Amino acid sequence: MIVDPYFYALAVPAVMMLGLAKGGFSGMGALSLPMLALAVDPVRAAAILLPILIVEDVVGILAFRRTIDWRVIAWMLPGAGIGIMLAYGFASVVQPSAVLAAVGGISIAFGLWRLWTERHGLPDARPSPGWVGTMFGVASGFTSQIAHAGQPPFQLWVLPRQLPRDMLVGTTALFFGAVNWLKVPAYLALGQFTPANLSTSAALLPVAIASTVAGVWLVRRVSAQRFYTAIYVLMIAVGVKLVWDGVV
């Protein structure tokens with residue numbers, strides 16, 4: 001198990017943000033891996049976080065299991081599986097930094113546009129058809145496999161559909177719960193589920209579970225309008241971080 005205090009100084013807040021994201025504050029979790037990568041190799045950081053993500057998914061799915069849009073899952077999840085396979089199979093020829101920078105730029109533009117339309121009362125864009133959701137699912141699976149950063153592509157297709165708050169949270173929880181299990185074989189193949197990594201994940205689990213439960217409690221006490229505004233602001237923040245990671 002990792003015992004470096006500097007690692008845990010970064011890991012504890014990173015896992016707390018991950019838990020709040022799984023509890024309903026979508027977007028915060030994308031900041032966790034970059035934080036953890038300041039202390040350990042990014043691939044190892046991702047492997048440490050994956051078991052935590054899987055456990056947190058269970059909490060989120062159980063809390064919102066009655067509010068899931070199965071049409072979103074049906075359109076996006078097959079694409080996510082393709083994206084995960086592409087990310088693993090073509091890692092040697094595809095530059096992850098370029099993908100993350102592009103996703104970050106789109107996230108910033110989308111978040112700013114949505115904040116503008118909310119403030120000025122412009123009409124919402126019509127939701128795009130299902131096959132477009134499959135394409136965004138590919139992008140979400142790809143970036144999730146690379147850096148657990150699948151939220152922006154997912155939100156780009158789902159948010160214009162203006163799902164009720166709890167349905168958005170439940171659908172997000174189930175989608176990424178399935179995506180994270182689909183990523184397990186790749187990390188097994190990379191040899192990253194070592195005893196040291198798994199024991200470190202276990203040490204961080206209490207923080208993760210407590211944060212997820214706190215997120216579930218908080219998200220149900222925040223108004224829907226503020227909830228969506230918070231997501232758009234977080235999308236911009238995450239987008240800035242992804243662009244930074246992609247170009248530096």
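Me: In which helix is Leu86 placed?
Reply: The model is a predicted one, in which local features need pLDDT of at least 70, side-chain atom pairs count only at pLDDT 80 or more, and totals for chains, interfaces and linings use all residues. Residues are numbered from 1 along each chain as its sequence is written, and side-chain values use heavy atoms, with hydrogens and water left out. Helices are DSSP runs of H or I with at least four residues, numbered from the N terminus. On that basis, the run that holds Leu86 covers residues 70-89 and is helix H4.

Me: Is Leu86 buried or exposed, or does it fall in between?
Reply: Buried means under 20% relative accessible area and exposed over 50%, with partly exposed in between, for a 1.4 Å probe and protein chains only. Because the relative accessible area of Leu86 is 32%, this residue is partly exposed.

Me: What is the accessible area of the nonpolar patch that includes Leu86?
Reply: Patches take residues with over 30% relative accessible area and no salt bridge, joining like charges within 9 Å and nonpolar side chains (Val, Leu, Ile, Met, Phe, Trp, Tyr) within 5 Å. A salt bridge here is a side-chain nitrogen of Lys or Arg within 4 Å of a carboxyl oxygen of Asp or Glu, and areas come from the Shrake-Rupley method with a 1.4 Å probe, only the protein chains shown counting as cover for residues. Ile82, Met85, Leu86, Phe90 and Val93 form this surface patch, and together their accessible area is about 490 Å².

Me: Which class does the aromatic pair of Phe154 and Phe175 belong to?
Reply: Rings of Phe, Tyr and Trp (its six-membered ring) pair if their centres lie within 6.5 Å, and planes under 30 degrees apart count as stacked, over 60 as edge-to-face and the rest as tilted. The count by this rule is five aromatic pairs. For Phe154 and Phe175, the centres are 4.9 Å apart with 25° between the planes, and the pair is stacked.

Me: Where in the chain are the two partners, Phe154 and Phe175?
Reply: The pair links distant parts of the chain, its residues being 21 apart. Both Phe154 and Phe175 are buried. Phe154 is in helix H7 (residues 151-158), and Phe175 is in helix H8 (residues 165-189).

Me: Why is the pair of Phe154 and Phe176 classed as it is?
Reply: Phe154 and Phe176 are both buried, and ring pairs link Phe154, Phe175 and Phe176 into a cluster. The ring centres of Phe154 and Phe176 are 5.3 Å apart and the planes meet at 65°, so the pair is edge-to-face.

Note on methods
Helix = DSSP H or I, 4+ residues; strand = E, 2+ residues; numbered from the N terminus.
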